[in-house]
Amino acid sequence: MMQTAAVTWTALDPILPELLLIGISALLVGCDLFIPRQRQVLPWLTVVGCTTALLLILGARPATAFGGMFLADGYAMVFKVICLGAVILTTLISEQFWRTVGARQGEYYSLLVFSLVGMLLMASAGDLMVLYLGLELMALPIYVLVGLHKRDQRTSEAAAKYFLMGAFASALLLFGMSLLYGLTGTTDIGRIAEAVTSMQVAANPALLAALGLLLAGLCFKVAVAPFHLWTPDVYEGAPTLVTALMSIGPKAAGFAIFGRILFYGLPDLQGHWGPILAVLALLTMAVGNITALCQHSLKRMLAYSSIAHAGYALLGLLAGTEEGMAATMVYLIVYLFMNLGAFAVLILLAVPGQCRESLDDCKGLATKHPVIAALMLVFLFSLTGIPPTGGFIGKFYLLKAAFAAGYPLTVVGAVLFSAISAFFYLRVVRLMYMSDADDPARLTCSSGMRVVLGVCLAGVLGLGLFPGSFLGWIVAALAGN
């Protein structure tokens, strides 16, 4: 007679941060219903809960749960830190944003934490079923968050478009997973790698078809061309706060499952997916950077910028080495600080009743608000890849890993497209410092906004001046697997 092992509290230790966040999200719903002054309570409860989860993750030892379906390893830890950092910093600027737009914010925090739980599950997925569960748990609250500001008609259109395209991408991903399960007889990512090793790939077109479907679904999740078409409209239509989160948290979680499937599940197919990712990276950088040149909306320009940076991050994955994976992780950490910092300044520019998302709204910012202009200058320099910012270091590690893996032409293309990006980033700098303001508005900066801008500035400059400490931490985390 088969016996099942009893589930003990100790066995749940690896998933304790996720359980804590689920409890926090439920508590946020209750506070929204029963606490009259919930506007002041909810953001700080969210920050405290996420910070506690972050400390638990940093202090935990590598472990597994549920028979290897959940992996609390060093790889997952790095991506979880990025996702938690994105949510914590986004939460700190949430109060100022919702106060400016004059919208109710109660359900926002609960949806934010539920989506975060999905991101963390994606990072720790050791099984295709857990991976898909985390993916949907992350995506469904984001669909709602995109359409949360009902007074803006653009948000409804963006939410509908994101939902329909997301469902289509999930179908492609599920189709690829089902083929992979049929070929290997397992959904465990480690066992899939063992099964694929014994196969003759060239004589098995179904395996290549599964790889193609998986790549298509994953490329949608991280906005890689040509699966990026939803990104500009959704990013522009969503509330700016949600756009800032989407450009970092879900993207980092998407790269987590990207690496988990390719790097750990299908390493023997690196000869097939490596060249494909090289082509996709070049195409993504070309589409993102060249199209951003034509934009007159700062928010839409940052959306195309986000597409381009997904192409840069692919350079580490296509290498198929631990050095490349570490480079992608470093770049995502840098991207967290520089992109969220730029979006924080964009939110800061808004005034009641006016979004101020145009490039012209940056005119003369240095004259009226020199500190804010200087911060934006640093973030834009980092996005361009100008030393001594973290953006330069991140791109250097990525190019080094791709070159070492035998993709010199891809590296040359990445350098050229990075040079093109300087035009539209530095155009904002020119408007801030070399143009007169049409109607200089008085800007207010909340305490949470000041903390976020300070942290982002420290992160961008710290990664640029002391990159070895961050890279060493990531390499140690990967080696601890």
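Predicted model: local features only at pLDDT ≥ 70, side-chain atom pairs only at ≥ 80, totals over all residues.
Me: Where is Gly448?
Reply: Gly448 is in helix H20, residues 447–465. Helices here are DSSP runs of H or I with at least four residues, strands are E runs of at least two, and both are numbered from the N terminus.

Me: Is Gly448 buried or exposed?
Reply: Gly448 is buried, because its relative accessible area is 6%. Buried means under 20% relative accessible area, exposed means over 50%, and partly exposed lies in between, using a 1.4 Å probe and protein chains only.

Me: Which residues is Gly448 in contact with, leaving aside its neighbours within four places in sequence?
Reply: Gly448 is in contact with Leu92 and Ile93 when those neighbours are left aside. Contact means heavy atoms within 4.5 Å.

Me: And how far apart are Gly448 and Lys161?
Reply: Their C-alpha atoms are 32 Å apart in space, and the two residues are 287 apart in sequence.

Me: Changing topic: which residue pair does a cis peptide bond with omega of about 5 degrees join, and where is Pro226?
Reply: That bond joins Ala225 and Pro226. Pro226 is in the loop between helix H9 (205–221) and helix H10 (230–237). The peptide bond from Pro387 to Pro388 is also cis, with omega near 5 degrees, and Pro388 is in the loop between helix H17 (370–384) and helix H18 (390–404).

Me: What is the phi of Ala223, and where is that residue?
Reply: Ala223 has a positive phi of about 60 degrees although it is not a glycine. Ala223 is in the loop between H9 and H10, and it counts as buried because its relative accessibility is 1%.

Me: What about phi at Phe66?
Reply: Phi of Phe66 is near 55 degrees, a positive value in a residue other than glycine. Phe66 is in the loop between strand S1 (63–65) and strand S2 (70–72). At 47% relative accessibility, Phe66 counts as partly exposed.

Me: On to the rings: how many aromatic pairs are there?
Reply: The count comes to 13 aromatic pairs. One of them is Tyr75 with Phe79, a tilted pair at 5.1 Å centre to centre with 55 degrees between the planes. Rings of Phe, Tyr and Trp (its six-membered ring) pair if their centres lie within 6.5 Å; planes under 30 degrees apart are stacked, over 60 edge-to-face, and the rest tilted.

Me: Where do Tyr75 and Phe79 lie?
Reply: Both lie in helix H3 (residues 74–92), four residues apart, about one turn of the helix. Tyr75 is buried, with a relative accessible area of 0%, and Phe79 is buried with 0% as well. Phe220 and Trp230 form a tilted pair too, at 5.0 Å centre to centre with 35 degrees between the planes. That pair links distant parts of the chain, with Phe220 in helix H9 and Trp230 in helix H10, 10 residues apart.

Me: Which cluster do ring pairs link?
Reply: The cluster consists of Tyr143, Tyr162, Phe163, Phe220, Trp230 and Tyr235.

Note on methods. Residues numbered from 1 in each chain as written. Heavy atoms only, no water.
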